[in-house]
Amino acid sequence: MNNTPLSDFVVIPLILILAILLIFPLLVGYIVYVERKVLAFIQSRLGPMRVGPWGLLQPIADAVKLLTKEDIAPRTADVFIFKIAPIILLVVGLTAMAFLPMGEGFTAFGYDVSLSIVDVNVGVLALLAVMSLSTYSIVLGGWASNSKYPLLGGLRSAAQMVSYEVALAFTVLATLMIAGTLSLSGIIEAQRQSGLWYVFVQPVGFVLFIIAMVAETNRLPFDLPEAESELVAGYFTEYSGFRWSFFMLGEYAAMVVMSGLLVTLYLGGWMRPFPNVELLGFLDLIPGFTWFVLKVGFFIYFFIWIRGTYPRYRYDQLMGLGWKVFIPLAIANLFATGLALLIIDSVAG
Amino acid sequence: MLKTRDMELNMGPQHPSTHGVLRLVLTLDGETIVDCKPVIGYLHRGTEKLCETRNYYKNVPFTDRTDYLAAPNNNLGYVETVEKIGGYEVSERALYVRTAICELSRIASHLIWLGTHALDIGAQTMLMWTIREREVILDFFEAALGDRLTTTAFRPGGLRRDLPDGWVKAVLGFCKTFPDRVDEYEALLTKNRIWIDRTVGVGVISAEDAIDMGLSGPLLRASGVPYDIRKVMPYAAYDKVDFEIATSNDCDSYARYEVRLKEMRESVKIVEQCLERLPEGPISGKVPRMLKIEAGAEAYHVIESPRGELGYYIIADGSDTPYKCKIRAPSFVNLQAITQMVKGLLVADVVTVIGSIDIVLGDVDR
Amino acid sequence: MADEKPENGAETPPAGAASTPSENEAAAPPPPHPLVSALLARFPSAVQEEGADAGGDPIVRVGAGDLLEVLGWLRDDAATRFDYLADLTAIDWTERSPRFDVVYHLYSIAKNHRLTVKVGCADGEGVPTVSDIWGTANWHEREAYDLYGVEFLGHPELERIFLPEDWEGFPLRKDYPLEGPNLELLTRQQAAFRGGRFDRIRGDYEMTEKERELASPGIVGALWTPKPPAAAEPETSDESNES
């Protein structure tokens with residue numbers, strides 16, 4: 001093993017970061033392509049079909065279009081904040097990705113490579129903290145447009161995100177109590193040791209997390225602040241071209257990160273199903289990274305599936321749900337988990 | 001001391017959800033609507049004045065363009081009024097074909113209502129599904145009438161041309177599969193928690209208020225008044241077929257949704273009965289080529305359009321052009337009630353209410 | 001003429017009497033419609049029967065002074081129960097005096113019968129509003145005012161409903177031209193091309209007084225003068241034989 005602090009903390013992470021930065025825009029482009037295709041099939045039509053076979057080159061065409069559009073900023077807008085807002089969203093989303101463990105470690109050229117860029121022992125806390133910075137981007141984007149309606153849309157989005165973050169945090173706390181650690185790879189390890197994915201131990205938490213996740217990322221059925229059929233078009237009304245694509249990239253980054261967190265906390269992260277069962281050892285041939293991608297991919301599909309099926313909530317109903325239903329449920333879940341742990345401890349010990 | 005002031009907000013005339021060029025001036029207290037004043041007339045084309053300058057045959061295309069989503073129904077109202085004042089007989093075959101086509105048009109109109117209403121509330125899938133069914137119906141119209149949307153379907157006395165071969169069989173085939181589609185729509189929306197939250201209790205108008213405001217069609221029936229012109233004053237072949245009226249006692253948008261879905265199912269039954277019993281015979285009664293109707297003959301004749309009571313008030317003056325042709329448009333009358341329906345609701349509900357009233361601006365403005 | 005007689009109940013006035021088409025009894029008066037008998041019994045002096053329309057529904061005529069009382073009674077009386085105002089419109093008879101007829105089409109949901117009530121109204125006078133009796137009359141009356149110029153006294157907000165507020169003229173009157181008030185120049189663009197002043201619409205273009213006058217709709221002036229009434233075209237137009 002040739003690991004040195006330089007390799008562990010600088011070189012290998014840099015290589016992984018470069019890999020993500022290079023792959024990520026293309027990845028998001030194809031996630032959008034998948035979204036358009038899936039939505040189209042749900043709606044009994046075909047989706048992009050013209051650009052390339054089955055429309056596979058559509059994301060490239062879209063990227064070229066967005067990059068060649070005129071860069072417009074409203075004259076009365078606060079230009080510096082206007083430019084910074086989408087960048088914040090993207091940066092925050094990508095940074096949060098650094099905490100996710102995406103596969104088991106392997107050895108290459110004599111170096112131990114771990115597939116999480118940063119493995120802090122307060123991983124969950126760090127990830128949630130970084131993700132909540134995205135609210136700044138929304139508010140600043142709405143503010144910088146210097147127009148009534150984007151501002152209102154931005155404020156609503158921000159309020160929605162903050163409310164559902166509380167529910168999210170309470171839900172996650174319950175899982176942390178069971179796992180006993182804040183570190184993300186530690187949680188995966190705890191799931192391996194207990195032999196059960198936490199989705200079976202915390203079913204209510206799982207459902208709550210999914211709903212809060214959809215609300216966090218401003219997706220249907222919680223996307224009133226950005227819906228076009230309402231009065232306001234949302235905080236990114238004034239953005240076009242390249243800057244708008246940053247908002248989109250940031251939104252999809254948030255989706256990927258939240259799905260990744262969900263998978264790590266509840267579905268065993270990059271582990272194969274039934275990690276302790278010897279009989280299924282052949283499944284180990286599939287690397288952990290692939291399992292991770294498969295699971296996250298399923299939840300991205302789930303986001304799209306819900307979008308094609310449900311109408312959207314009115315804003316007051318959305319906030320009412322968040323504060324009056326989900327937070328109490330999450331707190332109740334927390335208490336129940338704590339109580340159960342206490343009982344198990346006293347019975348066992 | 002904080003002083004608050006009501007805000008005036010302008011919705012439209014260009015807006016994705018107002019279903020046309022409609023302008024609503026909303027007075028808001030925060031997010032709650034204090035007053036809503038519709039401003040119309042953006043699509044006013046002077047149809048009634050134009051009708052006074054052309055003869056009775058040439059006026060039929062104007063009626064397509066008022067309620068353009070249910071053109072055959074409009075055509076039927078007009079030609080039946082002309083037949084009434086002129087005393088012209090309609091052939092048996094024409095009666096049944098007219099009924100079948102008007103019911104198909106009712107289904108098509110309700111389909112696009114459902115698609116756009118659901119789209120405004122956020123269920124984007126519904127629009128694609130309903131348009132898929134509507135395309136089939138529009139193909140039927142193109143085959144039988146020559147046009148998909150503005151059909152000019154009938155002429156005083158009967159039909160313009162007979163049905164093509166195989167048309168009846170194709171439509172009966174459609175009638176067999178359509179109820180399953182309606183089941184699909186119901187599966188997506190009827191018990192959907194979010195749909196219920198967005199439409200129950202939204203846009204309530206009581207039966208007394210509805211009658212006072214002259215509402216008609218699914219709005220009135222959803223408030224509990226079983227007034228369906230096809231039953232109380234049957235025209236065409238409606239007294240010869242079996243169907244039920246859809247009513248509900250809930251008076252809100254969800255009730256109107258249920259009423260219209262049930263109407264779609266009943267319309268399918270009517271089409272099937274008409275086409276199965278279609279008699280052979282001439283497509284038109286004996287009507288002169290130059291329709292001169294004597295002075296003083298006048299009539300106000302109503303039919304049930306998908307939007308409500310569609311009335312034509314035609315006065316003849318002895319020549320072959322009408323002296324006056326007033327179109328009593330259901331959307332115009334129904335839209336007036338929006339002020340009452342949205343008081344106290346939130347801004348996002350305005351879109352729901354407009355969708356559930358089901359207006360067509362061509363009908364409102366003529 | 002090949003058309004057949006209308007259904008029973010309607011009189012056949014002499015053909016070609018285009019200028020005064022009020023119903024006249026041609027033969028011995030048929031018994032009044034039961035609906036109308038109740039009305040005549042209650043208001044013997046205010047109401048005159050006018051026969052029936054082609055569908056058999058009765059038509060009555062009322063004076064403007066008794067209008068509110070009669071209509072209110074029609075709505076509330078147990079035998080008639082006309083709770084639904086189906087339509088409200090006006091008719092322009094040009095030569096006749098009074099010039100306009102305001103027509104109310106009433107319907108009873110409970111009893112399923114219809115009645116048409118007509119009121120004469122001279123140009124410049126008005127009829128009382130019925131928007132207190134039926135709420136739906138509000139917009140119908142605005143429409144009649146907008147298109148015919150009939151005033152409705154006591155209406156809460158009698159303003160134009162289809163046309164812009166500053167429009168002049170009442171389009172559905174028989175002396176209003178079909179093409180609109182300015183026959184020659186209808187748009188600003190056309191005014192511009194006339195004068196050749198500019199070839200592209202710019203927001204800051206200043207119109208001359210003349211162009212503004214010519215191009216603005218609704219202003220009857222400059223290029224159009226109405227034909228004197230004596231030479232006015234009869235209502236039956238001759239266009240029907242042209243394509």
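In the predicted model described here, β6(B) and strand β7 (residues 308-316) of chain B pair in the antiparallel sense over eight bridges; strands are DSSP runs of E of at least two residues, helices are runs of H or I of at least four, and both are numbered from the N terminus. Pairing requires that DSSP finds at least two bridges between two strands. Within this pair, I303(B) stands opposite L310(B) in β7(B). The two strands belong to an open, antiparallel sheet of three strands with the order β6-β7-β8 (chain B). Its edge strands, each pairing on one side only, are β6 (298-305) and β8 (322-328) of chain B. On average, neighbouring strands of this sheet are turned by 15° against each other, direction ignored. Helix α3 (residues 71-86) of chain B lies across β6 and β7 of chain B and runs at about 155° to β6(B). For such angles, axes are lines fitted to C-alpha atoms, for helices over the stretch in contact, and values run from 0 to 180 degrees between N-to-C directions.

Residues are numbered from 1 along each chain as its sequence is written, while chains are lettered from A and ligands numbered from 1 in the order in which they are written. As this is a predicted model, local features need pLDDT of at least 70 and side-chain atom pairs count only at pLDDT 80 or more, whereas totals for chains, interfaces and linings use all residues.

Turning to chain A, its secondary structure comes to 12 helices and two strands. The radius of gyration of chain A, taken over C-alpha atoms, is 21 Å, close to the 20 Å that the globule rule (2.2 Å times the number of residues to the power 0.38) gives for 349 residues, so chain A is as compact as a globular protein of that length. Its C-alpha trace spans about 65 × 50 × 45 Å along the principal axes.

The contact between chains A and B takes 22 residues from chain A and 24 residues from chain B, two residues being in contact if their C-beta atoms, placed from the backbone, lie within 7 Å. On the side of chain A that touches chain B, the elements giving two or more residues are α11 (288-309) and α12 (315-348) of chain A. Of these, α12(A) gives the most, with three residues.

Finally, A212(A) touches Y164(A), A167(A), L168(A), T171(A) and F326(A), not counting residues up to four places away in sequence.
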